[in-house]
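The following report describes a single protein chain, going from its sheet to its helices and then to selected side chains. Please keep the sequence and the coordinates at hand while reading.

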Amino acid sequence: MSLTNWQQIDTVLLDMDGTLLDLHFDNYFWLDHLPAVYAQQHGLSEEEALAELNKSFVGLRGTLDWYCLDYWTELTGLPIAELKRDVQHKIGFRPHVQDFLARLKQLGKRTVIVTNAHRDSVNLKMERTGLDQLVDRVISSHDYREPKESQAFWDHLHRDECFDPARTLLIDDSQPVLESAARWGIAFLLAIFHPDSQKEPNTDSRFPGIHHFDELDF
């Protein structure tokens, strides 16, 4: 992104997990920690537990239930929000995030986190990182009862925030979310190619993208 682009932007909408925070925490929790606890609870191997949980994942991706800790607590019989605290030491920033947010503040941009994460998860991550102190506002899709993949989410957000879509940038690691925002009319869209520090980057994107925020030109 060139300086010219930044002069055309007033509002920066920012995903949280995989964009500002390392997605490793979430991947580790859902693919390692939760299956281990579930296996112990039900007398299964961890492989069997993951296979059992995977059956529940089918068809939920992109829906609000997919992101809802209350839903997974009811489904598994386990206190999901409490279990997340067991591995909270894995919560951390992606590279160069604090410097990037500080630069946006210097430039007078309005910064709003828009995340599909459940409020319990959001609160834990804010406690751990202080991320909410670095932006103007934090919005969970659960506030609107619509995931970011839904056009209704952007309708709700626009009524709530009154931003100009022609002068707004969304940065997100999810292609379906970026596609949803593009359909709705967000003018500037940027993908994150390396959301999980422990996995290989994925540059398969129809949108321009970066690995880390130090690649952006102010």
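## Basis and conventions

Two strands are said to pair if DSSP finds at least two bridges between them, and the elements themselves are DSSP runs numbered from the N terminus, with helices (H or I) of at least four residues and strands (E) of at least two. The model is a predicted one, in which local features need pLDDT of at least 70 and side-chain atom pairs count only at pLDDT 80 or more, while totals for chains, interfaces and linings use all residues. Residues are numbered from 1 along each chain as its sequence is written, and side-chain values use heavy atoms, with hydrogens and water left out.

## The sheet

Six strands form an open sheet with parallel pairing, in the order S3-S2-S1-S4-S5-S6. Its edge strands are S3 and S6 (209-210), each of which pairs on one side only. Strands of a sheet pair through backbone hydrogen bonds, either parallel or antiparallel.

Strand S1 (residues 11-14) pairs with S2 in the parallel sense over four bridges, leucine 14 having isoleucine 113 as its bridge partner in S2. S1 also pairs with S4 in the parallel sense over four bridges, and there leucine 13 has leucine 170 as its bridge partner. In a regular strand the side chains alternate between the two faces of the sheet. In S1, Thr11 and Leu13 point one way and Val12 and Leu14 the other way, and all are buried, where buried means under 20% relative accessible area, exposed means over 50%, and partly exposed lies in between (1.4 Å probe, protein chains only).

S4 and S5 (residues 188-192) likewise pair in the parallel sense over four bridges, with alanine 191 in S5 as the bridge partner of aspartate 172. Helix H11 (residues 175-184) packs on the sheet and touches S4 and S5, its direction making about 180° with that of S5. Here contact means heavy atoms within 4.5 Å, axes are lines fitted to C-alpha atoms, for helices over the stretch in contact, and angles run from 0 to 180 degrees between N-to-C directions.

## A helix pair

Helices H2 (residues 24-42) and H3 (residues 46-57) pack at an angle of about 105°, with their axes 8 Å apart. The two are therefore roughly perpendicular to each other, a class that covers 65 to 115 degrees, whereas angles under 35 count as roughly parallel, those over 145 as roughly antiparallel and the rest as oblique. Among the residues that meet are Trp30, Leu34 and Tyr38 in H2, and Ala49, Leu50 and Leu53 in H3.

## Salt bridges

The structure holds 12 salt bridges, each defined as a side-chain nitrogen of Lys or Arg within 4 Å of a carboxyl oxygen of Asp or Glu. One of them joins arginine 110 and glutamate 161 at 2.7 Å, N to O, and so links distant parts of the chain, 51 residues apart, in strand S2 (residues 110-115) and helix H10 (residues 151-161). Arginine 110 is partly exposed at 33% relative accessible area, whereas glutamate 161 is buried at 13%. H10 also carries aspartate 160, which lies 23 residues from arginine 137 in strand S3 (residues 137-140); the closest N and O atoms of this salt-bridged pair are 2.8 Å apart. Arginine 137 is partly exposed, with 27% relative accessibility, as is aspartate 160, with 35%.

Aspartate 172 and lysine 148 meet in a further salt bridge (2.8 Å, N to O). Aspartate 172 lies in S4 (residues 168-172) and lysine 148 in the loop between H9 (141-144) and H10, so the pair ties together parts that are 24 residues apart in sequence. Aspartate 172 is buried at 1% relative accessibility, and lysine 148 is buried at 1%. Elsewhere, salt bridges that share partners join Asp17, Asp26, Lys84 and Lys125 into one network.

## A loop residue and the cysteines

Isoleucine 91 is found in the loop between helix H6 (80-86) and helix H7 (97-106) and is buried, with a relative accessible area of 9%. Not counting residues up to four places away in sequence, isoleucine 91 touches Leu21, Phe25, Leu124, Lys125, Arg128 and Thr129.

The structure holds zero disulfides, a disulfide being a pair of cysteine sulfur atoms within 2.5 Å. Cysteine 68 is buried at 12% relative accessible area, whereas cysteine 162 is exposed at 62%.
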